[in-house]
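Dear colleague,

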Amino acid sequence: MSGTVVLGAGLGGLSFAHYYLKRFPKETVTILEASERVGGWMRSIKKNGLIIEKGPRSIRPRGLPGANTLQLVQDLALSEQIVAIPSNHPAALNRMIYVNGELHRLPNNVMSLFKKQPPFSQPLYKYLLNFLTSATKPIPENDESIYSFVNRKFGIEVADYLISPLICGICAGDAKEISVRFLMDSLFEKDQRHGTMLQAFVIDGLSSFGKKGEDVPKSDLYQKAAKEKWSIFSFKDGIEVLPQGLERWLKKEQRCSIVLNKQCKQLELSKNAAKVTLSDKSEIRAKHVVSSLPASKIGNLVKKQYPILGDLLNSIPTVTVAVVNLEYDKKLPIKPGFGFLVPPKENLPILGVIFDSCCFEHYPNEFENRTLLTVMLGGRWYDKYFDRSSGDEEILNITFKHLATILNVKERPVFADVSVLENCIPQYIVGHVKQVKEIRKFVHEHDLPLSLCGSSYDGVGINDVILSAKNAVERGSG
Ligand SMILES: Cc1cc2nc3c(=O)[nH]c(=O)nc-3n(C[C@H](O)[C@H](O)[C@H](O)COP(=O)(O)OP(=O)(O)OC[C@H]3O[C@@H](n4cnc5c(N)ncnc54)[C@H](O)[C@@H]3O)c2cc1C
Ligand SMILES: C=Cc1c2[nH]c(c1C)Cc1[nH]c(c(CCC(=O)O)c1C)Cc1[nH]c(c(C)c1CCC(=O)O)Cc1[nH]c(c(C)c1C=C)C2
């Protein structure tokens with residue numbers, strides 16, 4: 001019988017194995033990965049010295065999850081590989097939205113709260129006043145959409161032009177469906193507990209709005225990030241350096257085997273043991289199984305044996321994003337910044353565009369006169385704008401058409417690459433927190449030898465996924 005079997009060698013599965021082997025020095029782990037490589041959605045392609053990111057590209061160093069990632073990066077001896085964007089860099093300061101045919105910079109400092117900045121019809125401090133003084137309304141089921149909360153507390157313009165594009169830029173989702181608890185858990189709690197936010201400030205105190213008392217691991221790298229005021233960071237050879245660093249660590253450890261091209265096709269769970277059946281019909285018996293797969297995939301694997309658990313897991317939806325990487329052989333006349341987002345109200349297939357060559361200026365000198373862009377399309381609206389059969393050509397033509405309108409970029413790139421990332425980002429829709437609680441309760445009550453980690457449950461970002469793996473090791477099961 002094998003020890004612990006981890007399904008999936010994306011960031012979640014690799015991180016779980018890392019923390020597990022550190023915590024239990026005598027245990028062994030087998031990681032089963034369906035594809036031919038580790039890293040899941042984290043994929044960086046080197047092309048003539050340029051780094052093309054097919055999925056994620058930046059990590060936030062802040063808060064407990066950020067500090068935990070920095071500790072991991074340091075433990076994996078990857079600190080020297082970091083490229084960081086400081087908070088005064090244009091890529092940290094300039095995030096834009098495309099509204100009514102124009103790009104608008106989002107407010108980025110206190111002073112900008114007092115100026116009227118289009119597309120907003122009044123200075124932002126007026127929305128803040130509304131937030132502080134508007135009376136609360138009891139919300140059934142203790143959850144509502146983030147759009148409805150922000151509309152209620154700040155007003156419709158903040159919901160349409162700030163929150164809706166932000167939700168696109170984090171989970172490619174519709175703010176009208178995503179739970180308020182995804183990003184504004186503590187604000188929502190306060191809103192429900194007090195008559196107004198102003199009362200909450202007075203009664204709870206200002207400090208309770210921050211993350212007070214967090215036990216943050218203060219690694220040397222964390223201190224450096226704080227001193228140098230990093231806004232976000234990546235690695236010289238791209239974000240994939242992180243899963244590759246974990247793979248290297250695990251291989252050195254010798255108590256872990258990573259088996260590629262092995263898809264888990266069937267899973268049988270009993271009280272103290274599990275049977276994993278693979279694509280080649282071979283079987284592995286394990287004392288514990290850890291799933292880092294998207295919830296619906298593990299849902300389908302357990303459905304036959306535990307239909308209730310299968311249904312609960314299957315109710316966490318995902319969306320598909322088309323990622324288009326473009327390289328131009330000149331410096332395009334675009335405003336320096338991280339990029340722009342398109343609010344869903346604009347009814348465009350584009351979710352947002354990242355100005356890569358502005359963000360990470362670590363490319364070799366000969367590429368100084370080049371521009372790299374990443375365009376993300378579809379998300380929650382993928383089926384509205386594309387067919388499942390839409391080919392690269394169609395996606396590229398749509399991309400070119402909109403880049404010409406929005407950025408006035410009419411020339412064709414010297415390199416273009418399209419990837420459709422099927423079901424790549426989970427959607428924390430209204431009721432998500434309750435759903436995850438029910439899932440964990442079911443696993444505990446049935447004493448199943450199963451742990452869940454990855455982006456489907458406690459946060460979709462890189463930091464969240466690493467922390468979810470660490471917490472899963474601590475929890476034991478569920
Ligand atoms: C386009 C995009 C942009 C993003 N940008 C950012 C960003 O800038 N910053 C940030 O913090 N986060 C970002 N993210 C989020 C981040 O990439 C993810 O949260 C993280 O990579 C998810 O890791 P995971 O291990 O949970 O899942 P995955 O990466 O999906 O890993 C799951 C693994 O399981 C394997 N698998 C599936 N089925 C089976 C099976 N039956 N048997 C065995 N193996 C199986 C898969 O092949 C895969 O390797 C982005 C995500 C996307 C899609
Ligand atoms: C347009 C689509 C997307 C862009 N990035 C993502 C999508 C779906 C995915 C994504 N981006 C971030 C995260 C991690 C969140 C976290 O918890 O750390 C994920 C999963 C980071 C991020 N990107 C933007 C914001 C505001 C954030 C949150 C954290 C931060 O402040 O850095 C903005 C943004 N994302 C995209 C664009 C074009 C854009 C803004 C111009 C692309």
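Residues are numbered from 1 along each chain as its sequence is written, while chains are lettered from A and ligands numbered from 1 in the order in which they are written. The model is predicted, and local features need pLDDT of at least 70, side-chain atom pairs count only at pLDDT 80 or more, and totals for chains, interfaces and linings use all residues.

Ligand 2 is surrounded by 25 residues, the closest being Gly169, Ala172, Leu351, Gly352 and Gly461, where a residue counts if its C-beta atom, placed from the backbone, lies within 6 Å of the ligand. Two or more residues of this shell come from each of α6 (156-171), β14 (339-341), β15 (350-354) and α17 (462-475), and α6 gives the most, with five; helices (H or I, at least four residues) and strands (E, at least two) are DSSP runs, numbered from the N terminus.

β14 and β15 also belong to an open sheet of seven strands with mixed pairing, in the order β7-β6-β14-β15-β16-β13-β17, two strands being paired if DSSP finds at least two bridges between them. Its edge strands, each pairing on one side only, are β7 (102-105) and β17 (415-426). β15 pairs with β16 (residues 371-379) in the antiparallel sense over four bridges, and Val353 has Val375 in β16 as its bridge partner.

The loop between β14 and β15 holds Asn347, which is exposed because 10 other C-beta atoms lie within 10 Å, the cut-offs, with C-beta atoms placed from the backbone, being 12 or fewer for exposed, 20 or more for buried, and partly exposed in between. Asn347 and Trp381 are 34 residues apart in sequence, yet 9.2 Å apart in space, C-alpha to C-alpha.

With best wishes
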